[in-house]
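Thanks, everyone, for making the time.

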Amino acid sequence: MTHAADRRDLAWWIDRTMQVLVLAGGLSAIVFIAGIFLFITREGAGFVFDRFDFREFFFSPRWTPTSNHNPTYGALALIAGTASVTGLAMVVSVPFSLGAAIYIGEFATGRVRETLKVLVELLAAIPSVVWGFIGLSIMNPLIIQVFDVPVGLNVLNSGIILGLMAAPIMTTIAEDALKAVPDGYREAAEAMGATRWQVTFKVVLPAARNGLVAATLLGVGRGFGETMAVLMASGHSVNLPTSPFDSVRALTATIAAELGETAAGSDHYQALFTLGIFLFIVTFAINLAADVFVRGGRRKYRRRGRRPAASANP
Amino acid sequence: MSTAAPPSADSDCAIDVVDLAIRYHGQLALSGVTLKVPAHDIFGVIGPANSGKTSFLRAVNRMDLMTAGMEVSGSVRVEGRDVRSWRNPYALRQRIGVVFPLPVGLPMTIYENVALSSRLRGTRNKADLDVIVERCLRRAALWDEVKDRLDSLGSLLSGGQQQRLTIARALSQDPSILLLDEFSIAVDPVTTMRIEEVLSELKSEMTIVLVTNLVQQARRLASQTAFFLTGELVEVTETEAMFEGAAQDPRTTAYVEGKFG
């Protein structure tokens, strides 16, 4: 015997349909990522299994894939190029983004705060080719003039460009981390007579530490993966940098510049995909680490339950 | 404004409020408050929600400075001096301990929670800090429960323990005034009674303003009690008189007898 109200009405069907659709959306993200990984792995597989020489790839700075007699695939110079540019970019962007996030999150109020947030988000939307253009046409002559060097397309140039480029997104994420610190902490500390700076430095920053580390790691990931701006501003010459004024070539820029000119399936083509696999693994690891840090930060507040930890949602 | 009178001039009056009004974004939240809080005593503040009790406390330690849209008019004198004449409001707040309704264990160790105030004021010596931490935790009746785990996170204590930690932290400021805002709201009855005992002992050393949602708590602890209702001070009366039907206003009698609120 069934109750009159016990029937699958429209709301029940809509609920069921939407659950399936949302699940499909979630799964598709995983499918795409797995698909991309499979694709670059397949394209690079021949090189990895037949031609790949661990010592050459990681320890030789000689990247001469177009040599007729003896093509070599040493990625050390490219890895060093990417690492040096990213490292300098972090030196530039961490103070800027942390300072901006602290000002927006802890000191600015009302309209100033809202305006700044919008401006920072606008900055994050500048296309990377525009940044590359700035590196090429503004930073290049500036560096030549100020430091009296022959070429201004180098680690310094691309590091600064990349740092400025990564700063807005890092600011946004760092500010989210500060916002996730419960206001009760600030009130309690201020009521004790702590100054605004003491509250920020002694209470808020330590509480938000994991989120801030995550922001920095995501900035590093951005630096590793950035292509166009680095291609345009770094000088693009295979080189183990010994000073900020050396031109370098980045992993990403190498792929972008060379892939179009290789024969599909050739050693060179597959070597470029191997660089891609390497980049994929590194950025994946960085993002994973950032995620672990963010979760670590959330766990700390769980006991309080006063305010759910804010998501990293700008 | 001349505030030449030394703090000790009116030593039997810790907080002297004249015609206090508080607005949030132009909207009146509390008005017409004139009262004197006697020194070294417990002063109760009762009233239903939204009656302006918390706003009153916020005006005393100048929280209006960090609350957007909060305006204070009238005068609040703490130990003879108008709180708005302090050029360094942080120094004023150091003299006033505050305990909030929901316990706020700062996300640092128990030890650091209690040592924070002294550190902010420049105490670096570990031995001095040890003494302060132990003394304040003992006075807040928490020492025995946490002495073996001073290095664990303060925010992981139970609600009642965190509230006593908050009190220990307030005591570490060595305050002359202690403001408690419905401290028992997230605390079990047994812990509430322990904290009440602590407060009765503390009143010989400092002035305590006890805002409470439990009228019986005011009766147990406060010698005088103010009744706030919808943004107005209805009256200030000796607590016993208030509870024995001798309140000046019939609304007060109705409230303490549990007829509304």
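Predicted model: local features only at pLDDT ≥ 70, side-chain atom pairs only at ≥ 80, totals over all residues.

Let me start with helix 7 of chain B, whose buried residues pack against strand 3 (42-46), helix 6 (159-172), strand 7 (177-181), strand 8 (207-211) and helix 8 (215-221) of chain B.

Which of its residues are buried? They are T191(B), I195(B), L199(B) and L202(B), and because they cover an arc of only 80 degrees around the axis, they sit on the same side of helix 7 of chain B. On the face turned away from that buried side you will find the exposed residues P189(B), V190(B), E197(B) and E201(B), so please note that two of the names there, P189(B) and V190(B), belong to the exposed set.

Staying in chain B, let me turn to the strands. Strand 1, residues 13-24, pairs in the antiparallel sense with strand 2, residues 27-38, over 8 bridges, and within that pairing L20(B) stands opposite V33(B). The two strands form a hairpin with 2 residues between them, and in the turn H25(B) has a positive phi of about 50 degrees. Strand 1 of chain B also pairs with strand 4, residues 70-78, again in the antiparallel sense and over 8 bridges, with Y24(B) standing opposite M70(B) of strand 4.

Moving on to the contact between the chains, 22 residues of chain A are in contact with 21 residues of chain B. On the chain A side, the elements that give two or more residues are helix 7 (183-191) and helix 8 (196-207) of chain A, and the largest share, 7 residues, comes from helix 7 of chain A. By class, that side of chain A divides into 9 nonpolar, 6 polar and 7 charged residues.

Finally, the domain assignment of chain A gives domain 1 (10-51) and domain 2 (72-299), with C-alpha centres that lie 28 Å apart. How many residues do they bring into contact? Domain 1 of chain A contributes 9 residues, and domain 2 of chain A contributes 8, the domain 1 side being made up of 4 nonpolar, 3 polar and 2 charged residues.

Definitions and conventions: Residues numbered from 1 in each chain as written. Chains lettered and ligands numbered in written order. Domains from an automatic or database assignment. Contact = placed C-beta atoms within 7 Å. Nonpolar A, V, L, I, M, F, W, Y, C, P; charged D, E, K, R; others polar. Helix = DSSP H or I, 4+ residues; strand = E, 2+ residues; numbered from the N terminus. Pairing = 2+ DSSP bridges. Buried ≥ 20, exposed ≤ 12 C-beta atoms within 10 Å, placed from the backbone. Arc of directions from axis to C-beta.
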